[in-house]
Amino acid sequence: MSAPLDPASVKLAIETGGVAFRSPVLTASGTFGYGREFEGLTDLRALGGLVTKGISPAPRFGNATPRICETAAGMLNSIGLENVGVEGFERDKLPYLRQCGTRVLVNFFGATFDEYIACGAGLDRLDGVDALEMNVSCPNIKAGGIEFGTDPRVLADLVRACRAVVKKPLWIKLTPNTSDIVALARACADGGADGLSIINTITGMAIDARTRRPKIATIFGGLSGPAIKPIALRMVYQVHRAGVPLPISGIGGIQDATDAIEFFLAGATTVQVGTQSFVDPDASGHIVRDLQARLAADGISDVRELVGALRV
Amino acid sequence: MRYFQAKVAENRVLGGGYFVLRLAGCASLSAAKPGQFVMIRGAWGRDPLLPRAFSLLSVAPAAGTADVLAKTVGRGTALLERSLPGAEVDVLGPLGTSFPTPDASCIDLLVAGGVGLPPLYMQGELAAAQKLAGRSELVYGGRGAPDLVLLREMENMGLALHLTTEDGSVGMKGLVTRALEARLDTHRGKRVRVMGCGPNAMLWAVARLAREREVPCFISLEEQMACGIGVCLGCAIPARSRPYRYVCSNGPVFDAADVLDVNPTSSAGPPPPSECPA
């Protein structure tokens, strides 16, 4: 271990996936609203960036309730991708985000290829949006409800189609509900993506033994929180080790600076704090501050030294 | 609304699984109004993960303390029940909407079911502080005697108490709506407002009764929530004014006329689930 450094001299800034970030700590889609909800609770300017709630071409009202339940060291959700739609986002949410002082990545999705393309194109023209993150964990209605993001050929075609209309950096948020994360990551590279976000929630369920009913209305939901961190680390590492030529934003159960460092070691260039923002609305701020202190104490002058530095 | 650390100053066990936590270091909750709530989490490590929502029972601005009433129902409340003076807790609040302020021209019927007491207790305190306790009555129901707590404190406020228990051990035997009906009969022709908090089934029954009597009704609803600030969107409830409203950010206190007709058990029903999980 090198000699300790002055925390102020530690470089957290990183340019990755087509975006220059002040720090490698972002907040994950669906856990940070449209940013404004956290005003006064965390300093957005200390963040590397925020990823908005997923946007669809038209507003969506979401699923029936109950929509969430707590599980061991985690939670299940089935919100149903409720959002304000592209127009509502531009009119009601973007003006605040333009002046919030951090990078803005807009997560988006569609129910069909055409919807994905329309949504991507609609968001691409907006000033104040630094990059787009495509959620491919949606069921493909035309293909019998199979997620777009689980078939490498479909995924490559979808990425290519969106790439053709999106000039801004385009990241793809991969689903972990697959047996071959590397094949999906390669499909994104083949389709012309600029970055990967790994992972989205893991499909799970919870049952109330007393009432004999599922704990959430849609029966299945997405598992998040510290319970999924080992799976997320494994998938980030697999994609990194395979040499897929795209930077990775690591997501899954990150609660503190140590968790973030583990993701960097596995190969992530940025991390996204998700469910922990529900536990502590200033979680991302804590992680940025602690990360700087940890790196300084360990004599690491640049966070990039950690990326992929796992010893095996 | 602020996110801060507080300390347990006192943990008063009331029996029946009920306890009152007095939290020190809560000066930023001083201006909280009856109906508003806080998210509370102890130093629980990674599990249980999420903070718990509690309606405030009382705040003491001079002492900088805040009280919450809880009943042990799961892991989080069990941990809080065992918390000792000095234990640190994270607090986010005050959050959400509140009940209408006491009004000398109205009779307020405060309807509480079991652990739904806190916002109505606090409303009673506010009425007493404004010398309007005589215009408020508490209609309070539970399964049995252990479910009716803090009775002496509320008598001392000067509130008239109308108690019901399902087992008949205290007060009128039956559901709280029976006692509410009797109070509505008594006050027929006067300006009456109903304010309720308790199990959702009770609240819908209270709201129906108020609607039949053409009396304004405000209810404090409960739903699973992760964040308390309108981000997780877990606490959605079907509403008339919009497909969904949020208990944390549009509530927890709602005008019952907005949320009554489209509750999940009514004929109108909630919007159908969409196809996209997570």
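Is the crossing of helix 3 of chain A and helix 4 of chain A left-handed or right-handed?

## Basis of the model

This is a predicted model, in which local features need pLDDT of at least 70 and side-chain atom pairs count only at pLDDT 80 or more, while totals for chains, interfaces and linings use all residues. Residues are numbered from 1 along each chain as its sequence is written, and chains are lettered from A and ligands numbered from 1 in the order in which they are written.

## Helices 3 and 4 of chain A

The crossing of helix 3 of chain A and helix 4 of chain A is right-handed, the term for a near helix turned clockwise from the far one by less than a right angle, anticlockwise being left-handed. Helices (H or I, at least four residues) and strands (E, at least two) are DSSP runs, numbered from the N terminus.

Helix 3 (residues 152-163) and helix 4 (residues 181-191) of chain A pack with axes 8 Å apart and at an angle of about 30°. Axes are lines fitted to C-alpha atoms, for helices over the stretch in contact, and angles run from 0 to 180 degrees between N-to-C directions. Helix 3 and helix 4 of chain A are therefore roughly parallel to each other (angles under 35 degrees). Residues of helix 3 of chain A in this contact include Leu155(A) and Val159(A), and those of helix 4 of chain A include Leu184(A) and Ala187(A); contact requires C-beta atoms, placed from the backbone, within 7 Å. The contact residues divide into eight nonpolar, one polar and three charged. Ala, Val, Leu, Ile, Met, Phe, Trp, Tyr, Cys and Pro count as nonpolar, Asp, Glu, Lys and Arg as charged, and the others, Gly among them, as polar.

## The barrel of chain A

Eight strands of chain A form a closed barrel in the order 3-4-7-8-11-12-17-18, with parallel pairing; strands pair if DSSP finds at least two bridges between them. Strand 3 (residues 25-27) and strand 18 (residues 270-273) of chain A are joined in the parallel sense by three bridges. Within this pair, Leu26(A) has Gln272(A) as its bridge partner.

Strand 5 and strand 6 of chain A run antiparallel, joined by four bridges, with Glu70(A) bridged to Met75(A). On strand 5 of chain A, Ile68(A) and Glu70(A) on one side and Cys69(A) and Thr71(A) on the other are all buried (20 or more other C-beta atoms within 10 Å of their own).

The contact takes 44 residues from chain A and 32 residues from chain B. Elements giving two or more residues to the chain A side include strand 5 (68-71) and strand 6 (74-77) of chain A.

Methods: Contact = placed C-beta atoms within 7 Å. Buried ≥ 20, exposed ≤ 12 C-beta atoms within 10 Å, placed from the backbone. Parallel < 35°, antiparallel > 145°, perpendicular 65-115°, else oblique.
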